[in-house]
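Please look over the sequence and the model below before reading on.

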Amino acid sequence: GFNQPHAHQVFDICPLMRLLVDNGLLPREYFVLPYVYPTVAADVEKLLLNGYSAFRCHYSARLIDSIRLSLRSNSPESLVPLLNDRALDSFVVTNALRSAPSPDSALSLIETLKTVRHFSHTQNTLYALAKILAKSHQTARLESLIDAINSGKFRDVARVSFMDHMRWYAAAGDLDAARCVWDEWRALQKRPCTESYNIIMGLCAQLRKDIEASKVFCKMIDEGALPNSRTYTIMIEHLVKTGKLNSAMEIFQIMPSMRMKRTSRQYSVLVDAFSGTDQFDCIKTLLKDMHVDGILPGRAMRWSLQRMQETGFVEETMELVREMLPDERIKVIKTSTDDSDNNEDDDGDEDIDCASSGNDLDAIRLKPWFDPAALAGALHCWRSEEVSALEDAKFVWTTRLVCKMIRSFSSAETAWQFFCWVARQPGFSHDIYTVSRMIAKLARHGHVDLVDQLISKIKREGIRLSFSTIRLIIDFYGLSGNGDAALKVFRAVKTLCGPVSESSLLLLYSSLLRSLAKCRMDADALDILDEMILCGIIPAMQTFSGLMHHFARGGDIKMVQRLFGMVRQSGMEPDAYMFKVLIHAYCNCERAALALRVFEDMRTCSLMPDASTKQLLVKSLWKEGKLREAAAVEERSEEINDVLPLALPGHFFTLPEVLKVNWLHHISEIPIYNVVGVVTSSLAVEVGRNLLAI
């Protein structure tokens, strides 16, 4: 009883198939045959499922390029036929908006879209529009858009989250509006995420409200949020803008001690700053650290490195500058303003912005649009049809592009297949950066055998991995539960990355202990701890705190006491965070009397517990019938109840309190203790004294 439709009816039912036919990917007869011969339908379905994702990505890229060229031309009427293309969807519009040359051109695209009947906005297109409005400081229109989204005007688009709301106001530079949203969020949620603190802190720093920025950072620490790399990027950028390069460098150099990843942006900011003051020796140190961290230099460094090269540092910069130069193999898309309908490929420089070439002064030349994340998503199954389409596209594979592709794959197996495939492509060979990225991804997903394969290969070829990559592998093995593999990598560290300094070895030991604790390999962790101390390497306070917390969760109070004794024997004074860990350990094991003794030692050292620790101690004492002691704790705490922090600074195996003193010392115009109050970490006090001496 199924009525066979005519070919024109099938066109209306399946416009995607029509695109395939128009581009030669399906014979035209397939529009009728599936309905006449059911056996052919399976072939059509396979072609659609296996080939369409790769085809769609390629066709969408061409359409995005055409829209980009039209937005840059003097012929806005050329935009209308492009927007009426059947392939136009939210993906194309979102990326066209993001790559628009100016806010005005992006808004003109939005206005033209109102005439396109088959298009409807999605969350991606609306959020892209919101970001454009924010960057162009059109706050009133931005608020109208947010109200429209939240009122349900757009179907299947969720309400704007607090985080997105804050990001848009931050892009608009509106501190007051961002604070209002943040306050509303904090009223509903006890502690927002770290990024919300970063947004407010960054806005304050941007507006040169130094004291407010420092208070937000203190609030982050005091409320128990853990700073991330972006937190310290804000600090470094702020210090650089205020001319305090040495202070920025101090923060940057201590970041690895806090298990904090140093980013390409941080390197770029510092290299640019030192280049502006002709401190090229500092740049040499940064380039050396960048190699140790396994970070590929960003294109933003090109001018600074070329300037350094001109002053005589040729050998140190030649390879880096050559990597940053435009790849002549990459073609550009070009159109003439007089004939915007004719697009053709042409050899030329890899320029992202408009540029003239030769005698064609009116030509618009653009680097072709390319999104590694979109391509990786289209290749997630890695079927033969997709690989064939990828080969036909004839992309120019560079180290930077391959690293982005590996990062974008959600599946480590697919990333590995791509890694092996791209190694066979003409003109490309893997280097330390692509190998490091692949090893880290495999380790994170627990593919020990594949990591061993790559490690064996780089040993044969004499490639040295960066120290940061080795540390990352050990950390990821802890997350994936492969403690034995982490130990194996640790034992081979000198072979894999060469000589390791004592400070780097301290960090590596800390990572290994953390991974072994996560894998519940307690005996191995204790052996490594003993080995570490016998080598004269004393673990950091937070390493001891992490191990104490681990054994406390397992109920091994004797081991917790032993570790606490080792801290005292090492000549270190426990900080407030370690006292907190010890009090919680005793209370959870119903040893409130011992917890009370720790509390008294803590107060003797002029350290304060956080509110939750005090409450836990009182509750445990009541539970064990020690009512007089509980009352004494309450009475002793009456004078400090109003100033008890919500959370103590610190985190297992990290040192976030170290930088608190440093940044505040350098940006605050008032005495540091007026801002911070009592600094609770003895390690932070010691570091602060050293920095003040500097």
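**Helix packing and buried faces**

Helix 16 (residues 264-276) and helix 17 pack at an angle of about 165°, and their axes lie 8 Å apart, where axes are lines fitted to C-alpha atoms, for helices over the stretch in contact, and angles run from 0 to 180 degrees between N-to-C directions. Helices here (H or I, at least four residues) are DSSP runs, numbered from the N terminus. Helix 16 and helix 17 are therefore roughly antiparallel to each other, a description kept for angles over 145 degrees. Their crossing is left-handed, that is, the near helix is turned anticlockwise from the far one by less than a right angle. On the side of helix 16, Y267, L270, V271, F274 and S275 meet a set of residues in helix 17 that includes F280, I283, L286 and M290.

This is a predicted model, in which local features need pLDDT of at least 70, side-chain atom pairs count only at pLDDT 80 or more, and totals for chains, interfaces and linings use all residues. Residues are numbered from 1 along each chain as its sequence is written, and side-chain values use heavy atoms, with hydrogens and water left out.

Helix 17 itself covers residues 280-293, and its 14 residues reach 20 Å from the first C-alpha to the last, close to the 20 Å expected at 1.5 Å a residue, the expected span being 1.5 Å times one less than the number of residues. Its buried residues (under 20% relative accessible area, with a 1.4 Å probe and protein chains only) are F280, I283, L286, L287, D289, M290 and D293. Seen down the axis of helix 17, these buried residues fall within an arc of 165°, so they line one face of the helix; the arc is that of the directions from the helix axis to the C-beta atoms. On the other side, D281 and K288 are exposed, a term that requires over 50% relative accessible area. Just after helix 17, G294 takes a positive phi of about 70°.

In helix 25, V448, L450, V451, L454, I455 and I458 are buried. Viewed down the axis of helix 25, its buried residues fall within an arc of 160°, so they line one face, while D449 and R460 are exposed on the other side. The buried residues of helix 25 pack against several helices, among them helix 23 (412-422), helix 24 (432-444) and helix 26 (467-479), contact meaning heavy atoms within 4.5 Å.

Key
Helix = DSSP H or I, 4+ residues; strand = E, 2+ residues; numbered from the N terminus. Parallel < 35°, antiparallel > 145°, perpendicular 65-115°, else oblique.
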